[in-house]
Amino acid sequence: MAVKPLTQKPKPNLLRQFSNFISTVTGLEKTCRLIQSFAQIVIQLNIPPGSTTTAQWETAISQIALTRRFFRFFAFINCFSQVYELLGGAQSLGLFMTLVEIGRWSCLGLYLVLEDLTILHALGVHPVAWNTPVLVEAFKFWFYSLALSVFGAVCGLLFTSSSPASNKTSNNEKTKENKNAEKTAPNTDDSQAKAQRTALMKRIVADGCDLLIPGVFVGWMQISDLMISVTMVISTVVSGGDAWVKAQE
């Protein structure tokens with residue numbers, strides 16, 4: 001009986017990949033965010049302020065931003081689930097990094113909860129006088145979460161060690177046959193370490209760029225709207241890359 005050779009699955013074309021991407025919730029949210037940030041750049045560069053066109057573009061931007069809020073309406077559940085797992089010791093990160101991650105996910109969850117409380121005001125269904133103060137506090141928690149995320153990623157890059165010395169000792173004591181076999185086998189430890197460092201660097205870039213948004217909103221930073229829009233594009237592209245790859249699986 002003839003055995004059929006294994007054939008590699010052909011890579012889908014770019015249009016199909018984009019279709020797979022926007023078919024996911026994360027991909028659709030990232031696409032809307034990218035459109036919103038580009039629209040903000042257009043307003044800052046090409047449209048004179050105070051014109052009718054500017055008002056139309058600002059309306060479109062606000063509607064896109066409101067749409068994106070529905071994509072993350074229940075995202076606080078995942079945040080507090082992460083906190084629960086960290087408290088239960090599901091992830092062995094060490095005491096210090098565990099506390100950083102607990103603070104990061106707790107602040108992000110509180111931001112999302114407070115933002116959800118103002119959704120009816122944003123829709124115009126039930127206007128409330130406390131909308132702005134609640135949003136300010138929500139964005140403070142978002143700022144804290146992003147700051148802790150960047151801090152944790154930097155610590156991960158600085159203090160994450162490579163393979164322990166005990167592994168090196170045991171490798172030296174192996175037989176020649178095992179050594180020859182190890183030479184032919186791929187070094188999975190190095191590849192995993194590189195992938196981890198790459199993920200941490202992406203996290204620093206994306207969260208570092210997003211850090212400007214709540215910083216400006218609460219008045220802690222003075223940055224132009226154009227710079228905010230550019231950093232939104234950068235963070236969206238960087239964070240959306242992993243979502244693009246995952247959507248093709």
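Student: Which side chain does Ser235 join in a polar contact of 2.8 Å?
Tutor: That of Asp210. A polar contact is a pair of N or O atoms within 3.5 Å; within protein, one must be able to donate a hydrogen and the other to accept it, and residues adjacent in sequence count only if both atoms are side-chain atoms.

Student: What should I keep in mind about the model?
Tutor: This is a predicted model: local features need pLDDT of at least 70, side-chain atom pairs count only at pLDDT 80 or more, and totals for chains, interfaces and linings use all residues. Residues are numbered from 1 along each chain as its sequence is written, and side-chain values use heavy atoms, with hydrogens and water left out.

Student: Back to Ser235. Which backbone oxygen does its side chain reach?
Tutor: The backbone oxygen of Met232, at 3.1 Å.

Student: Where is Ser235, and is it buried or exposed?
Tutor: Ser235 sits in helix α12. Helices (H or I, at least four residues) and strands (E, at least two) are DSSP runs, numbered from the N terminus. Ser235 is buried, with a relative accessible area of 1%. Buried means under 20% relative accessible area, exposed over 50%, partly exposed in between (1.4 Å probe, protein chains only).

Student: What is Ser235 in contact with, leaving aside neighbours within four places in sequence?
Tutor: Arg33, Ala206, Cys209, Asp210 and Gly240. Contact means heavy atoms within 4.5 Å.

Student: What about Val233?
Tutor: Val233 is also placed in α12. Val233 counts as buried, at 14% relative accessibility. Not counting residues up to four places away in sequence, Val233 touches Leu34, Ser37, Phe38 and Ile41. Val233 and Lys30 are 203 residues apart in sequence, yet 9.9 Å apart in space, C-alpha to C-alpha.

Student: Zoom out. How many helices and strands are in the protein chain?
Tutor: Twelve helices and zero strands. Of the 249 residues, 32% count as buried. Take the contacts in the chain with a separation of 6 or more: residues 24 or more positions apart account for 72% of them.

Student: Which residues have the most contacts inside the largest nonpolar core?
Tutor: Trp105, Tyr111, Phe139, Trp142 and Ile213, in a core of 21 residues. A nonpolar core is a set of buried Ala, Val, Leu, Ile, Met, Phe, Trp, Tyr and Cys residues joined through side-chain atoms within 4.5 Å.

Student: Which elements give two or more residues to this core?
Tutor: α4 (75–87), α5, α7 (131–159), α11 (212–217) and α12 (225–247). The largest share, seven residues, comes from α7. In soluble globular proteins, nonpolar side chains tend to be buried together.

Student: And Trp105, what is it in contact with beyond four places in sequence?
Tutor: Asn78, Cys79, Gln82, Val83 and Leu86. Ser81 is in α4 and counts as partly exposed, at 32% relative accessibility.

Student: New topic: α3. How many residues has it, and what does it reach from first C-alpha to last?
Tutor: Helix α3 (residues 52–71) has 20 residues and reaches 30 Å. That is close to the 28 Å expected at 1.5 Å a residue. The expected span is 1.5 Å times one less than the number of residues.

Student: Which residues of α3 are buried?
Tutor: Thr54, Ile61, Leu66, Arg68 and Arg69. They cover an arc of only 155° around the axis, so they lie on the same side of α3. The arc is that of the directions from the helix axis to the C-beta atoms.

Student: What is exposed on the other side of α3?
Tutor: Thr52 and Gln56.

Student: And which helices do the buried residues of α3 pack against?
Tutor: α2 (25–46), α5 (95–117) and α6 (119–123).
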